[in-house]
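Have the structure open while you read.

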Amino acid sequence: MKLLSTIHRVITEIQKDAEKCIRCNLCVASCPLIPIISNNLRADPRMLSIDILRDIYRTAPIMYDSLYYCTTCMKCNTVCPSGISITRSILMLRSLTMQKAIHDKVFQIKFFIKSLLKHKNPYSAPPNMRCIWANNIDFKKEVHKSRITIWLGCTTSIRTPTIAKTTYLSLREILGNEVTLLGEKEGCCGKPALLIGDENAAKELLSEAVDTVESVGTEILVTPCPACYSMFKSGVKELLNKEPSFKVMHYTEFIHNVISQDLINLGEISEYGKVSYHDPCELGRGMGIFDEPRYIINKIVNGEIVEVLESRELSRCCGGGGGVWAFHTDLAMSAAVYRLSQFMKQNVKALISACPTCYLNFKYTIMTHEIPVKILDISQIVLKSLQKIN
Ligand code: SF4
Ligand code: SF4
């Protein structure tokens, strides 16, 4: 009975939104996946979120794969003149498809969730994999009580060791012993579960993560991952119905604060040539952080800094979010090729971002397609700049 009432509530909510659609197709024109899947007519945002409702039980199974093409970049929401949250509808439909098991591929997703809950990361990695990046540096795996805690996140610590290292070393350079890492105890914030449609699993993981952070007496949590940031900053309230007992900051917010309060000295960097910044969707459109990374880059880079046409609120997704990197890597990389071409047109030599998923997707795409641009995480330039002074 509970399942049926939940499904009914989900459908009613999406239908209410759908009634406001004026069929202007702005969402379709803005979707980063459309240019690379134009032969797949089922994959456009309006179809996924609105047309599917015409006959939900018949169409949802057919549309199932298409639902997982969406990177949840939220650009369609930004341009929609009727204020429809298309991304929310797509996430609800993913959740509905999962609950009702109306597609035979749901078992793949359920298997993924089972592994996520067991390993506390989406890569089925054992706990010690979270600390592999720290092998050559003076990092104690034991967690100590501290005022400021770094939450690296699964992708940062397991898949992007460079970002894990530069995030830790730069914060350590600024804060000394005042900062700690959670090491093997760090879990998953629950975002992967939420994105693929399992809210209960997301709640369970987030609740455990909050307990872990609180157990070391954290007053400020700093994370380089926009997905983790959004879960701790907004998800705790929305999913767990409580406020975290600690302040949550993205790495760029924290560094922005210490620079603007003159608490650190920075060296200038000029070796990369022309640089630009790519707004990660979750950090920018999702959490409203556009100025802090640009402020940091302007303080550090001594050279030409350019913006591309699709930036800030209208930034184009790298293609790696929403589970697309995991379930449709080819699509994620095609979207990254498109996005990178916008920077190449401006002759950008180094692209800076502030998200491990963007970094990963761009890095593999650059390597695979031999694109002559360097991808950097913002923590890399911060550390380099600090090391020039000290
Ligand atoms: S942008 Fe909004 S109103 Fe226009 S077609 Fe898309 S959902 Fe409908
Ligand atoms: S959230 Fe992004 S990828 Fe998904 S439908 Fe909207 S514009 Fe396309």
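## The two ligand sites

By class, the shell around ligand 1 comes out as 8 nonpolar, 2 polar and 2 charged residues. (Ala, Val, Leu, Ile, Met, Phe, Trp, Tyr, Cys and Pro count as nonpolar, Asp, Glu, Lys and Arg as charged, and the others, Gly among them, as polar.) Around ligand 1 you'll find, among others, Cys21, Cys24, Cys27 and Cys80, along with Arg23 and Arg46; a residue makes the list if one of its heavy atoms lies within 4 Å of the ligand. Ligand 1 sits in the second largest cavity.

Ligand 2 has the largest cavity. A cavity here is a set of points, on a 1 Å grid over the protein atoms alone, where a 1.4 Å probe fits but cannot get out, and a molecule sits in one if more than half of its atoms lie within 2 Å of its grid points. The shell around ligand 2 splits into 9 nonpolar, 3 polar and no charged residues. Its neighbours include Cys31, Cys70, Cys73 and Cys76, plus Thr71, Thr72 and Thr87.

## How to read the numbers

This is a predicted model, where local features need pLDDT of at least 70 and side-chain atom pairs count only at pLDDT 80 or more, while totals for chains, interfaces and linings use all residues. Side-chain values use heavy atoms, with hydrogens and water left out; residues are numbered from 1 along each chain as its sequence is written, and chains are lettered from A and ligands numbered from 1 in the order in which they are written.

## Ring contacts

The whole structure has 6 aromatic pairs. Rings of Phe, Tyr and Trp (its six-membered ring) pair if their centres lie within 6.5 Å; planes under 30 degrees apart are stacked, over 60 edge-to-face and the rest tilted. Take Trp151 and Phe232: their ring centres are 4.9 Å apart with planes at 75 degrees, so this pair is edge-to-face. Trp151 is in the loop between β1 (148–150) and α8 (154–159), and Phe232 is in helix α12 (residues 226–240), 81 residues apart. (Helices are DSSP runs of H or I, at least four residues, and strands runs of E, at least two, numbered from the N terminus.) Trp151 and Phe232 are both buried, meaning under 20% relative accessible area, with exposed over 50% and partly exposed in between (1.4 Å probe, protein chains only).

Trp325 and Tyr364 have ring centres 5.6 Å apart and planes at 35 degrees, so they're tilted. Trp325 counts as buried because its relative accessibility is 14%; Tyr364, at 35%, is partly exposed.

Methods: On a 1 Å grid over the protein atoms alone, a cavity is a set of points where a 1.4 Å probe fits but cannot get out, and a pocket is an open set with protein on both sides within 12 Å along at least five of seven lines; lining residues have an atom within 4 Å of a point.
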